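Q: Could you take me through the salt bridges in this protein, with a close look at one pair and its surroundings? I am new to this, so please go step by step.

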Amino acid sequence: MTAPAAPAVTPELVARYDRPGPRYTSYPTAIEFNGSFGSDQYAERLAEADARAGEPLSVYTHIPFCAERCSFCGCHVIASPLGARVTEPYLARLFREIQLVADALPHRRTVAQYHWGGGTPTYLSAAEIHALLDHFQRYFSFAPGAEIAIEVDPRVTTAAQLEALHSRGFNRLSLGVQDLDPRVQEAIGRVQPVPVTAATVEEAHRLGFRGINVDLIYGLPHQTSASFARTLDSVIALSPDRLAIYSFAFLPWLKGNQKKLGEEALPAGDAKIALLLLARDKLLAAGYRAIGMDHFAKPDDELALALDQGRLTRNFMGYSVQDASDMIGLGVSAIGRVSGAYSQNHKKLSDYYADLEASRFPVERGYALSADDRVRADVIHSLMCTFAVDTTAIERRHGVEFAAYFGPELVQLGELAAQGLVWMEPGRIRATTLGQLFVRNLAMCFDRYLAAAERSARPRFSRTV
Ligand SMILES: C[S@@+](CC[C@H](N)C(=O)[O-])C[C@H]1O[C@@H](n2cnc3c(N)ncnc32)[C@H](O)[C@@H]1O
Ligand code: SF4
């Protein structure tokens, strides 16, 4: 059976579905994490993980510092001009955390995925990059072919830092670009002339990095189809292996720095989605493949291969290739997932430091998944990665009868089917081409916690368009 042709994106359709909703980098989302899961519970989960001796790990390390805060940014950032005066004490605590985790995992010391995110990891000097890796590799080793990735801000990243990263085995660079139009850059407090980005890409190519990603954002102030088309053309000319085209998450009541942005300059819902469609057309025409809701990759890139081979996954870092069964989060505010539980480190530097000084895991909150959470997480993950759900496979994996288990959810989904967003057939649910643009709305049908979150006065999630 072929799916019916999808209706066009109309302003009415956008108005109907453009509402606050999670991006589902986890299910349940981080707002369900709570203080009943702390340091002791994390220690128990690590002990369970250690029993799966020899299985590789995924490790995320958060470096929170940025020289200045961009006014659009939604990440956990500490803006500081102090350089080594803030990084030295931070690295000392981070080293302690690495040692505590390593002591808890004597039989799990191989890492298949290693990611430095931020903030700006290249806030660290080349010498500090070496020191952090020296310390980490004293305890952990990289599996052959490990994915070793870092987020770099081209405005502050030097050739010496890139050289240090390359010499230590980093093979993926993700460059923050956002938009290349001078007016947009001015409005978002991030002036980054094209030659600055181009120089970082050229230097990375010269050194032999094989995986370069560029982050762009649609929905920023003053973006128009004409200006974004120019940005896309310039970025395509740099030939990155991947692009992430993120929807601008605008939450000024949660992110004070965004209050500086003039709301009136933001493109409205239908104009915003037109920017995504424009990016999609241009990138497909340039030979990229669409991956999930906001990524694009060259056909020979690992992400495109993972999609074809059913290894595409989604976690706190966005889309990636199948990660290890356990993901360790290191650093202030870092999130991990170990033995079926999420954990998040303290967001305040002083709390993070205090726990480590007392040789305690610096866990502020977390969440242990129930059996129901696991079924729903599987369905949502499948929708977000493949735009489809194999309901028979869900039944097999979780021992449930899909139609009986998800009665009310299927009624809700039926309404979306009537709008041409989803196609239901025996054993399979599939988003239409149109529904793929609203995949967060489809996933929201299966989210048990959403109703409560939606009752809160100020939305905790960005809008789905
Ligand atoms: C943590 S930043 C790290 C990159 C690095 N600090 C830089 O700016 O180049 C990772 C990415 O998150 C994305 N991002 C940050 N704030 C966002 C927001 N409010 N909405 C959508 N994406 C956002 C940006 O695309 C950014 O490149
Ligand atoms: S976008 Fe990057 S550089 Fe700007 S504040 Fe956020 S993390 Fe820092």
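A: Here is a walk through a few charged pairs, ending with the one that gets the close look. Please keep in mind that this is a predicted model. Searching the whole structure turns up 22 salt bridges.

Asp 153 pairs with Arg 155, and their closest N and O atoms are 2.7 Å apart. Asp 153 has a relative accessible area of 8%, so it counts as buried, because buried means under 20%. In another pair, Glu 302 meets Arg 311, with 3.1 Å between the closest N and O atoms. Here Glu 302 is partly exposed at 31% relative accessibility, and Arg 311 is partly exposed at 26%.

Now for the close look. Asp 372 forms a salt bridge with Arg 448, the closest N and O atoms being 2.9 Å apart. Find Asp 372 in helix H12, which covers residues 371–386, and then Arg 448 in the loop between helix H17 (439–444) and helix H18 (450–455); the pair therefore ties together parts that are 76 residues apart in sequence. Asp 372 is buried, with a relative accessible area of 16%, whereas Arg 448 is partly exposed, with 48%. The story also takes in other residues: through salt bridges that share partners, Asp 372, Arg 376, Glu 409 and Arg 448 are joined into one network.

Key: Residues numbered from 1 in each chain as written. Chains lettered and ligands numbered in written order. Predicted model: local features only at pLDDT ≥ 70, side-chain atom pairs only at ≥ 80, totals over all residues. Heavy atoms only, no water. Salt bridge = Lys/Arg side-chain N within 4 Å of Asp/Glu carboxyl O. Buried < 20%, exposed > 50% of the residue type's maximum accessible area, 1.4 Å probe, protein only. Helix = DSSP H or I, 4+ residues; strand = E, 2+ residues; numbered from the N terminus.
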